[in-house]
Amino acid sequence: MTTARPRSNSNILSIAATALVIPGLFATIALPAYAYSPAEDTTVAEARSELQQITSSNAQNMVVAGEAAATTVTRDAFGATSAAEIERAAIAAAYAAYSGPTAADFLAAPPYPNFDLNQVAQVALQYQGVPYRFGGATPAGFDCSGLVLFVYAQFGISLPHSVSGTAALGTPIAREAALPGDIVIMPGHSGIYMGNGMFIDAPDYGQVVSVRPIYDSNYYIVRVGI
């Protein structure tokens, strides 16, 4: 009987030891899962915070300067050819192929044998659009005195192919007495008076016969044929 007590005490000690050891083993196994706690990744949180700051401060709004907003957009220096320009080009092309009578032919057989200043002005208007040509005296191209002599030749009046020669043949008259068909003389240039301070002339290179204001105040009027 005396020997059974130690065995009982031993059993009790074994059970106690087991109770202590087994929970310890579980705690040891579970320890890595609880003991390892890496630092939290803050990248996403920081990005969200920055996005909120940008939105709240309107950093994504574009500010346009007042002068920039007021800038006017202009079209490049290109444009369609106007109907008038097309017509002038057609007239110039037609006159370039001119093969009709010359001033000499008209002097030999004038189509307008009865001189009339107003008729002179009307005949001159027929040659609007003829291109300027130095030394030209036909509708293939006129210079200033060439236009005047060609028109006057149709009335049987012979004029020299020069401004000074035309001026010398004409009779100077007062400006206020000038009539359409009279001849406008200015330094180095001439044309046919159209009234109201206008004249028709062959201007210069690259231009065509046209009616325009008398541009030089230093001019005078001569009359021939009467």
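Residues are numbered from 1 along each chain as its sequence is written, and side-chain values use heavy atoms, without hydrogens or water. Because the model is predicted, local features need pLDDT of at least 70 and side-chain atom pairs count only at pLDDT 80 or more, whereas totals for chains, interfaces and linings use all residues.

Helix α7 spans residues 144–153 and is mostly covered, with ten of its ten residues buried. Here, buried means under 20% relative accessible area, exposed means over 50%, and partly exposed lies in between, for a 1.4 Å probe and protein chains only. Among the buried residues of α7 are Cys-144, Leu-147, Phe-150 and Ala-153. Helices (H or I, at least four residues) and strands (E, at least two) are DSSP runs, numbered from the N terminus.

Strand β4, residues 183–186, is covered on both faces. Ile-183 and Ile-185 are buried on one side, and Val-184 and Met-186 are buried on the other. Two strands pair if DSSP finds at least two bridges between them. Four bridges join β4 to strand β5 (residues 189–195) in an antiparallel arrangement, and Ile-183 has Ile-192 of β5 as its bridge partner. These two strands form a hairpin with two residues between them, where Gly-188 in the turn has a positive phi of about 75 degrees. β4 also pairs with strand β8 (residues 220–223), antiparallel and over three bridges; there, Tyr-220 is the bridge partner of Ile-185.

The whole structure contains nine aromatic pairs. Rings of Phe, Tyr and Trp (its six-membered ring) pair if their centres lie within 6.5 Å; planes under 30 degrees apart count as stacked, over 60 as edge-to-face and the rest as tilted. The pair of Tyr-132 and Tyr-205 is edge-to-face because the ring centres are 5.1 Å apart and the planes stand at 70 degrees. This pair links distant parts of the chain, 73 residues apart. Tyr-132 counts as buried at 17% relative accessibility, whereas Tyr-205 counts as exposed at 58%.

Phe-199 and Tyr-215 form a tilted pair, since their ring centres are 6.3 Å apart and their planes are at 50 degrees. Phe-199 belongs to strand β6, while Tyr-215 lies in the loop between β7 and β8. Phe-199 is buried at 0% relative accessibility, and Tyr-215 is partly exposed at 48%.
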